[in-house]
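Subject: Model for your files

Dear colleague,

The structure is handed over below. My notes on it follow.

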Amino acid sequence: MEPDELVLSQAQELRRGTVVLACLTLLKQPQYGYALLETLNDAGVPVDGNTLYPLLRRLEKQGLLASEWNTDESRPRKFYKTSLEGLTVCAGLVREWQALVTSMSELTKETP
């Protein structure tokens, strides 16, 4: 495997856990799945729909997201929103993320 291919593969692994935090953060404001997918991709967090939709269902099943159907438009859409428990988990994940960023910044700092 070429170095560029290895970087892409490993970068995907790095991003995998960050999608949960990104979803819990972005869904503080209700969004439907496709809009969330576009927002994530536009923000530089590339996610495939085949990954996102099962993740949303799993987070809902865990009680971290709430959902409701909007049938006001011609096409019904399921809107997701971070639940109260999800907000608590999100705050904890943000603390973990910030600690990890600090640690990794120190570990990857180049020495003169």
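**Salt bridges and core**

Glu60 is partly exposed, with a relative accessible area of 25% (buried means under 20% relative accessible area, exposed over 50%, partly exposed in between; 1.4 Å probe, protein chains only). This is a predicted model, in which local features need pLDDT of at least 70 and side-chain atom pairs count only at pLDDT 80 or more, while totals for chains, interfaces and linings use all residues. Residues are numbered from 1 along each chain as its sequence is written, and side-chain values use heavy atoms, with hydrogens and water left out.

Glu60 forms a salt bridge with Lys78, the closest N and O atoms being 3.3 Å apart (a side-chain nitrogen of Lys or Arg within 4 Å of a carboxyl oxygen of Asp or Glu). Lys78 lies in strand E3 and Glu60 in helix H4, so the pair ties together parts that are 18 residues apart in sequence (helices, H or I, at least four residues, and strands, E, at least two, are DSSP runs numbered from the N terminus). Lys78 is also partly exposed, at 22%.

The count comes to 4 salt bridges, including Glu13 to Arg16 at 2.9 Å, N to O, and Glu106 to Lys109 at 3.0 Å.

The largest nonpolar core has 20 residues, of which Cys23, Leu40 and Leu52 touch the most other members (such a core is a set of buried Ala, Val, Leu, Ile, Met, Phe, Trp, Tyr and Cys residues joined through side-chain atoms within 4.5 Å). Helices H2, H3 and H4 each supply at least two residues of this core, and H2 gives the most, with 6.

Regards
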